[in-house]
Amino acid sequence: MTWDRIADRYIELAESRATSSFHHLTDFFHERLRPLSGKSVLDIGCGHGWLAHSLATQGAVASGVDGSESMIKQARLRYPDLAFHTADLVGGLGPAGAVSGYDAMVARFSLQCIAHLDRLLGDAAVALRPGGLFLVSMPHPAFYMRERVEDPVTKERYRKVTGYLEHETRILPDFGGHRYFHRPVSWYIQAFARHGMHLDDMREPPQQPDTVGDRKWEDWSSFEKWWSTIPVFLGLGFRKAATGG
Ligand SMILES: C[S@@+](CC[C@H](N)C(=O)[O-])C[C@H]1O[C@@H](n2cnc3c(N)ncnc32)[C@H](O)[C@@H]1O
C-alpha cells in the first residue's frame with residue numbers, strides 16, 4: 001500500500017508541523033466531542049494514532065484503524081495503551097467493526113484517500129450508537145490544490161477551479177505521492193445520508209498562512225489576507241438518527 005511507503009515521511013512532517021495548518025480543524029473534533037470522558041471513539045484512517053491519543057488524554061476510550069501496517073506499527077509503539085487495528089477500509093471497518101455502540105467516529109484527512117466508501121459507511125452506521133457522531137475533516141473539494149492565480153491586468157487573485165462535480169482520481173505530490181479521490185461535498189452528504197447519518201455541522205475555517213507566524217491580521221500582507229479568505233480545509237459532522245436508521 002502506498003501509505004506504507006510514505007508513512008515515515010508523513011509522520012516526520014506531521015510531527016515537525018505542530019503548530020501549522022496541519023492542525024487545522026483538530027479543535028473541531030475536540031469541541032464537538034466534549035466532554036470526552038468515558039466516550040468510545042474510533043479514529044478511522046488513524047495513521048500513527050496521534051488524534052486517537054489526543055482524544056484519550058481528555059478521557060476518551062479511543063481506538064484506531066488504518067490500512068497501513070507501517071502506520072499501525074508506529075501507532076502501537078507510540079501509544080501502547082490504545083487499541084489499533086489494521087484493515088483496508090474499502091472492505092469496511094474490519095476488526096474495528098466487531099465492537100458496537102461507539103459514541104463517535106472521527107476520520108481526519110482519510111476519507112479522500114479511500115477509493116470506495118460504501119462498505120465503510122455501512123459498517124460505521126451499524127457500529128455507531130443511535131445519536132452518535134461521525135466527524136470528518138478533509139481537504140476542501142472545491143479549493144484544495146487549486147492553482148493560485150493573479151490576473152496580470154486587474155491584479156485580482158483567485159483559485160482556479162477547473163472541475164468540481166465530476167469524480168476524479170488525482171495523484172497528490174504530498175509526502176512522496178499518494179492517491180486522492182475527488183468527490184464533491186454534496187456526494188459525501190448524500191453517501192452518509194444513505195446510511196442514516198445526517199449532516200449536523202459544517203466548517204470552512206479561514207486559512208491561516210504558515211508564513212504569518214505570530215503577526216496580527218492587520219500586519220499580514222495583502223497576499224496573506226487574500227489567502228485566508230478561501231478555505232482549503234473542510235469539516236463535516238454527521239449524526240446517526242437517535243432511533244433506528
Ligand atoms: C493523510 S493520512 C491521515 C492520517 C491521520 N488521520 C492523521 O490525521 O494524521 C491518510 C491515512 O489514510 C490511510 N488510508 C488510506 N487508504 C486507506 C484504506 N484503503 N484503508 C485504510 N486506511 C487507508 C493511510 O494509511 C493514512 O494513514
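At what angle do the axes of helix H1 and helix H4 cross? In this predicted model, the axes of H1 (residues 2-16) and H4 (residues 69-78) cross at roughly 45° and come within 7 Å. On the H1 side, the contact is formed by Trp 3, Asp 4, Ala 7, Tyr 10, Ile 11 and Glu 15, and on the H4 side by Glu 69, Ser 70, Met 71, Gln 74 and Arg 78.

Helix H2 (residues 26-33) may be considered next. Because 6 of its 8 residues are buried, H2 is largely enclosed by the rest of the structure. The buried residues are Thr 26, Phe 28, Phe 29, His 30, Arg 32 and Leu 33. Their cover includes helix H3 (50-56) together with strands E1 (40-44), E4 (102-108), E5 (128-139), E10 (197-203) and E11 (233-240).

Strand E8 (residues 168-172) runs antiparallel to E9, and 5 bridges join the two. Within this pairing, Arg 170 has Tyr 180 of E9 as its bridge partner. The two strands form a hairpin with 5 residues between them, and Phe 175 in the turn has a positive phi of about 60°. Strand E9 (residues 178-182) is itself mostly covered, with 4 of its 5 residues buried.

Terms used. Residues numbered from 1 in each chain as written. Predicted model: local features only at pLDDT ≥ 70, side-chain atom pairs only at ≥ 80, totals over all residues. Heavy atoms only, no water. Axes fitted to C-alpha atoms, helices over the stretch in contact; angles between N-to-C directions. Contact = heavy atoms within 4.5 Å. Buried < 20%, exposed > 50% of the residue type's maximum accessible area, 1.4 Å probe, protein only. Pairing = 2+ DSSP bridges.
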